[in-house]
Amino acid sequence: MNRLLNTFFISSVFIALGLSGCNDHYPPTDLSSEPLIPIPVSVESEGNSFQLRHDMNIYVDEGNEEVAQAGEYLATLLYPATGFDLEVEETSKNPGKGHIYLHLEGADSELGEEGYELKITDSGIDLKAPTPAGLTMGIATIRQLLPIAIESSTVQDSAWLLPTGTIRDYPEYSYRGAMLDVARHFFPVQDVKRFIDYLAMYKFNRLHLHLSDDQGWRIEIKSWPKLTEIGSSTEVEGGEGGFYTQEEYKEIVNYAAVRNIMIIPEIDMPGHTNAALASYPELNCDGKATELYTGTEVGFSTLCTSKEVVYKFITDVIGELAEMTPGKFIHIGGDESHVTPMEDYIPFIERVQDIVNDAGKKVIGWDEIANADLTSGSVVQYWAEADNAEKAIDQGAKVIMSPATRAYLGMQYDSTSRIGLHWAAYIEVDDAYDWDPAKIEPAISRDDILGVEAALWTETVANMEDIDYLVFPQLPGYGEIGWSPSSKRNWADYKERLAAQQLRFEMLDIGYYRSPKVKWIN
Ligand code: NGO
C-alpha cells in the first residue's frame, strides 16, 4: 500500500472505530484508556482534550543546553506530520496558557533518573522531570498520545488533539537495551539510526552494538588499519560487508544520545575473532592469518592468549573505542570461546577487564565471563547459563537479562517463519512478552538485575526488511518489560495495546510480522 492510500485507510479505520485522537469528530478525552506502551506507573484522566496549534511555542528552562536539546527533539518529531514549525524558547517562569513547557524546575526528585510528570490540561502541556533524560522519556509519551498520523513524514490533516490528565511515570529497570549484531551482516548508519528510532519510541535507553565477530570487523581502528581493510570486507554468505568510520560511529553515538540512548560497543573476545585473526597473522598462535569466514558456525576461533602482542592489540582497540564512547560500558563478549582452554580464558578475561577499567570504563560480558574474578562494577549478561549468572551474583555483580529462550529477537516465531533460527526456542509475541526477569531463574532475583536486553543476532538477517520482520511486533513488549512495574503488566491487556500499534507500524512502513496471537485492527 502506498503512503497516501495507507493514510486514507488509517483515517477511515479510525472514523469507523471511533478511536481517539484521529479526527475532529472524535476528540480524545480519556487519558487512562490510551493504549500506551510501556504502560505508565500512574495515569489520572481529566476528561478534556488539548489541541496542538501552529502558533504555540515549546518553552524550556533558561540556560540548560540539554533541556533545550529535548525541546528541539520534540519540535523535530512534531514538524513533519503537523507542518508546525514550533519555536523552542528559553524561559525562567511558567509561560502560561497555550504552550508546551519542558522543565526541570519544580520537578519531584523522587521520580529518579528517567522519571517524568506530564500534565496535559485544556490550556497546555507541562512536562517536568528531575533530569533531561526524564524529559526525553516524557516526549516518547506525548508522541504516543497524539493521533497516529503524527508518524507520517508528510503533512497530515488532523486536529492534533491529546486527552487531558496527569501521568507520573518512572522505569522499573535502569538498563533497557537492545542489541544489534552488525558483524554477521553489516547495516549502514541509516539503518542503525532507524533502529535507534524504534527503541526511542518504547523508552529503551541502551543500544548494544556487536561490532566484531568471526564474519566481520565493523569499526575503524586507526592503529590497526587492516582490521577494516581486510576484516570488514565480507559477511555471512559472502556479501560485501562494511564498517563504520570513527566519524560515523560518533554520529551514531550522538544521534542516540539525543534520544537518551547510550551506545554500548562490543568487541567480542577471545573467541568470535576470526575477522581480526584473518587481518593480523600475529594474533594467531601459529603466526598465520586465517581465511575470512562467511558461514554461521560458532566457537572455532581464539586470539592467542599467551602472546603479548594480543594485549597490545586489545589495549589499542579499547583505547580508541573508549575515546569515542561517552557511555560508561565496553562490552568484551567472552561467549562461546570453545577453543580457548578455561585455564587460559580466565586470566585473559581478567587482564582485558583491567585494560577496560584502565581506559576508564566498566566491563559488560556474556555470562561466561563470571568464571573469572570480576572487578567492581563489571556486569554480566545472562543469555544461556544460569550457573554463570549465579557466579556473577556471588561476586556482587549485576546481571542483564537476555535469556535466549525469551529475549533473542533472531529466533523464529514458528517453523514457518521466513528467516530466523530456532536452536533456543520458537518465540512468539506472547512468549517474548509474558515473563518476568526477576522470576525466570530461581537464582536471579530482582535486586541482582540491572535490566533487560533483547538481542538481534543477524545470521539470517540481511537488510532492514529482515530486521523489521524479526523485531516487530515484539519490540514494544521488551520496552514494557524494562520500564513498567510487573504488577501492571499482563498479556491480555498488553495484546490490546499492541494491536493499537499496528497503525503506527504501518505509518512508519515497518514490515512487521502479523502474529496470529494478536487481534490486529484490520
Ligand atoms: C549465541 C552466540 C551468538 C549467536 C547467537 C544466536 C551468544 C551470546 N553467542 O548467543 O554468536 O549469534 O547465539 O544464534
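This is a predicted model: local features need pLDDT of at least 70, side-chain atom pairs count only at pLDDT 80 or more; totals for chains, interfaces and linings use all residues.
Colleague: What is the secondary structure of the protein?

Modeller: The protein comes to 16 helices and 17 strands. Its radius of gyration is 23 Å, close to the 24 Å that the globule rule gives for 522 residues, so the protein is as compact as a globular protein of that length.

Colleague: And what box do the C-alpha atoms fill?

Modeller: Taken along the principal axes, that box is roughly 75 × 50 × 45 Å.

Colleague: How many of the 522 residues count as buried?

Modeller: The share of residues that count as buried is 60%. The protein exposes about 19,700 Å², and carbon and sulfur atoms supply 48% of that area.

Colleague: Let us turn to the ligand. Which residues surround the ligand?

Modeller: The shell consists of Arg184, His272, Val298, Asp335, Glu336, Trp366, Trp383, Tyr408, Leu421, Trp423, Trp457 and Glu459. By residue class, the shell divides into seven nonpolar, one polar and four charged.

Colleague: Where do polar side-chain atoms come up to an oxygen atom of the ligand?

Modeller: One of these places is tryptophan 423, with a polar side-chain atom 2.8 Å from a ligand oxygen. In the side chain of arginine 184, an N or O atom is 2.8 Å from an oxygen atom of the ligand. For glutamate 459, the distance from a polar side-chain atom to a ligand oxygen is 2.7 Å.

Colleague: What percentage of the ligand's accessible area does the protein cover?

Modeller: On its own the ligand has 340 Å² of accessible area, and the protein covers 97% of this.

Colleague: You listed His272 in the shell. Is histidine 272 buried or exposed?

Modeller: Histidine 272 counts as buried because its relative accessible area is 2%, and the cut-off for buried is under 20%. This residue sits in the loop between S12 and H7.

Colleague: What is phi of glutamate 336?

Modeller: Phi of glutamate 336, which is also a residue other than glycine, is positive and near 45°. Glutamate 336 lies in the loop between strand S13 (329–333) and helix H9 (342–358). With a relative accessible area of 16%, glutamate 336 is buried.

Colleague: Back to the loop between S12 and H7. Which proline lies there?

Modeller: Proline 270 lies in that loop. The peptide bond that joins methionine 269 and proline 270 is cis, with omega about 0°.

Colleague: What about the peptide bond from phenylalanine 472 to proline 473?

Modeller: That bond is cis, and its omega is near 20°. Proline 473 belongs to the loop between H13 and H14.

Colleague: How many residues of helix H13 are buried?

Modeller: Helix H13 (residues 464–471) is mostly covered, with seven of its eight residues buried. Among them are Met464, Ile467, Tyr469 and Leu470. The cover includes strand S8 (175–181), helix H4 (189–201), strand S17 (449–456) and helix H14 (475–483).

Colleague: What caps the N-terminal end of H13?

Modeller: Asparagine 463 does, with a side-chain oxygen 3.2 Å from the backbone nitrogen of glutamate 465.

Terms used: Residues are numbered from 1 along each chain as its sequence is written. Side-chain values use heavy atoms; hydrogens and water are left out. A residue is near a molecule or strand if one of its heavy atoms lies within 4 Å of it. A polar contact is a pair of N or O atoms within 3.5 Å; within protein, one must be able to donate a hydrogen and the other to accept it, and residues adjacent in sequence count only if both atoms are side-chain atoms. Accessible areas come from the Shrake-Rupley method with a 1.4 Å probe; for residues, only the protein chains shown count as cover. Ala, Val, Leu, Ile, Met, Phe, Trp, Tyr, Cys and Pro count as nonpolar, Asp, Glu, Lys and Arg as charged, and the others, Gly among them, as polar. Helices (H or I, at least four residues) and strands (E, at least two) are DSSP runs, numbered from the N terminus. The radius of gyration is taken over C-alpha atoms; the globule rule is 2.2 Å times the number of residues to the power 0.38. Buried means under 20% relative accessible area, exposed over 50%, partly exposed in between (1.4 Å probe, protein chains only). Contact means heavy atoms within 4.5 Å.
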